[in-house]
Amino acid sequence: MVNKQYRKLFAAGIINGIGDRFCQIALLALMYRLTGSGLSVGIMLGLRVIPFLILSPVSGVLISSISRRTLMMTTDLLRGGAALAFLSVHSNKDMWIVYVVSTLLACGEALYAPARKSSIPLLVRPSDLLRVNSLEQVMSGLVLVIGAAAGGIVSALFGPQAAFMLNSASFFVAGLIVCNIAFPPVTKEEVNREDAHTESRGSQTSFDDRILGRSQILQCIRMSLPLQVVIAFELLVPFLNGIDNVLISVFAVQEFKLGDAGIGLFYAALGAGLVASYALGRLFSRSLLSGGLVCLLLEGILLMGLSGIEHAWAAVGIYFFISLAGGVGAICLDTLFMRETPLHVQGPLLGMLTAWSQGIIGLSMFGAGVAVEIIEPRMLGLIGGAGFILISIMISIYYIRARSRKAAGI
């Protein structure tokens, strides 16, 4: 059975995520209705990227200074209050409220996400990491399916204001759940051990002055070849993720003529794939690195195949398997990261990686939006899929050569 404290973290994530999806669906519909243009949506999405670039590294530092529980609870409660401001949006003149509040919510998420992810190894034993990371993909899938579908229904039946209120309430409920998460006490020596899985507020003061420099993080990366592979993945793949995000809407509306319902259908397939990844993730328990690279290769092959599909239901099936491969790959690489990275390094390193990935995905989405006006969508999808395959091959070659040099003592 999974640790009781992690179950609280999981529940908070589900509630938080579904409420956020409610808000996103309702907000996008309201913005388009008030402005009649996609420009406002583009501005909002662009503004959401900025906080991740600035605050995610700050989150890593804060994790070394204050309790993760305090940081997560505080950001949830502040976001719950901020989300209520969307109730004041009634006309095109109120768009500034959307931009300001969306940016504030993104600030909270930029601080919350690294703190939450780095909490997992503290709440579960190393032997449970693979299973827990599988549950994390299930959570993402459920949020995607339930949040998007239910959010659209609630907004359509009761108006966007109902979705905004539910989103605010979800933040408050999630914050209260996080408040009750207990990090068992540990000694300073246990924090540095690979099998440490707890944290205490009482011993936190002994680490208040422990602000990690970049040299310490780089030293940790240099000592672990598997960690280098995970870092390479996190640095390179976001360059292509923006293509996926843009093309899913283009394919649904333009290529398969399914309209808005098609977008929801494709996202539901992605969510179902993430849920299904739970059953397959454990198969790679002894080959996490190979599993992550093989799944990345499969994603690329499937994306290239999607570009040649003519039938909508076949596209739904391919999106399911793309998400399934991506979910299993994320399970493998997240577990590998948590096993290879010392606990006191995870927070700062996750903060930097989150800032990088979110920033690059934002630029990638902008570039893909421009490219789709110049290049045929199917050709752009073909290029994106080929990019995934190329990254997988490049990282595999690097790993094989580096391991050979290490074995030779070079």
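Ile63 is part of helix α2, which spans residues 39-63; helices here are DSSP runs of H or I with at least four residues, strands are E runs of at least two, and both are numbered from the N terminus. Its relative accessibility is 3%, so Ile63 counts as buried. For that label, buried means under 20% relative accessible area, exposed means over 50%, and partly exposed lies in between, with a 1.4 Å probe and protein chains only. The C-alpha atoms of Ile63 and Arg116 are 10.0 Å apart, although 53 residues separate the two along the chain.

A word on the model: it is predicted, with local features needing pLDDT of at least 70 and side-chain atom pairs counting only at pLDDT 80 or more, while totals for chains, interfaces and linings use all residues. Residues are numbered from 1 along each chain as its sequence is written, and side-chain values use heavy atoms, leaving out hydrogens and water.

## Charged pairs

Side chains of opposite charge can pair when their charged atoms come close. How many salt bridges does a search of the whole structure find? The search gives five, where a salt bridge is a side-chain nitrogen of Lys or Arg within 4 Å of a carboxyl oxygen of Asp or Glu. One of them joins Glu136 to Arg116, at 2.5 Å from N to O. Glu136 sits in helix α5 (residues 129-158) and Arg116 in helix α4, so this pair links distant parts of the chain, 20 residues apart. Both partners are buried.

Another bridge brings Asp334 together with Lys117, with 3.0 Å between the closest N and O atoms. Because Asp334 lies in helix α13 (residues 312-340) and Lys117 in helix α4, the pair ties together parts that are 217 residues apart in sequence. Asp334 is buried, at 14% relative accessible area, whereas Lys117 is partly exposed at 26%.

Glu109 belongs to helix α4 (residues 95-123) and Arg79 to helix α3, so the bridge ties together parts that are 30 residues apart in sequence. Arg79 is buried, with a relative accessible area of 3%, while Glu109 is partly exposed at 24%. Asp76 joins Arg79 and Glu109 in a network of salt bridges.

Which residues line the second largest cavity? They are Asp20, Arg48, Arg79, Leu105, Glu109 and Phe171. The cavity holds about 30 Å³ of space. Its lining divides into two nonpolar residues, no polar ones and four charged ones.

## Out at the surface

Leu77, Leu84, Met165 and Phe172 form a nonpolar patch on the surface, with about 330 Å² of accessible area together. Leu77 is found in helix α3, residues 68-83, and counts as partly exposed because its relative accessibility is 34%.

Lys257 is in the loop between α10 (238-255) and α11 (259-281). With a relative accessible area of 65%, Lys257 is exposed.

## Cut-offs for cavities and patches

On a 1 Å grid over the protein atoms alone, a cavity is a set of points where a 1.4 Å probe fits but cannot get out, and lining residues have an atom within 4 Å of a point. Grid points are joined across faces, edges and corners, and a volume is the space filled by probe spheres set on the points. In the lining, Ala, Val, Leu, Ile, Met, Phe, Trp, Tyr, Cys and Pro count as nonpolar, Asp, Glu, Lys and Arg as charged, and the others, Gly among them, as polar.

Patches use residues with over 30% relative accessible area and no salt bridge, joining like charges within 9 Å and nonpolar side chains (Val, Leu, Ile, Met, Phe, Trp, Tyr) within 5 Å. Accessible areas come from the Shrake-Rupley method with a 1.4 Å probe, and for residues only the protein chains shown count as cover.

Definitions and conventions
On a 1 Å grid over the protein atoms alone, a cavity is a set of points where a 1.4 Å probe fits but cannot get out, and a pocket is an open set with protein on both sides within 12 Å along at least five of seven lines; lining residues have an atom within 4 Å of a point.
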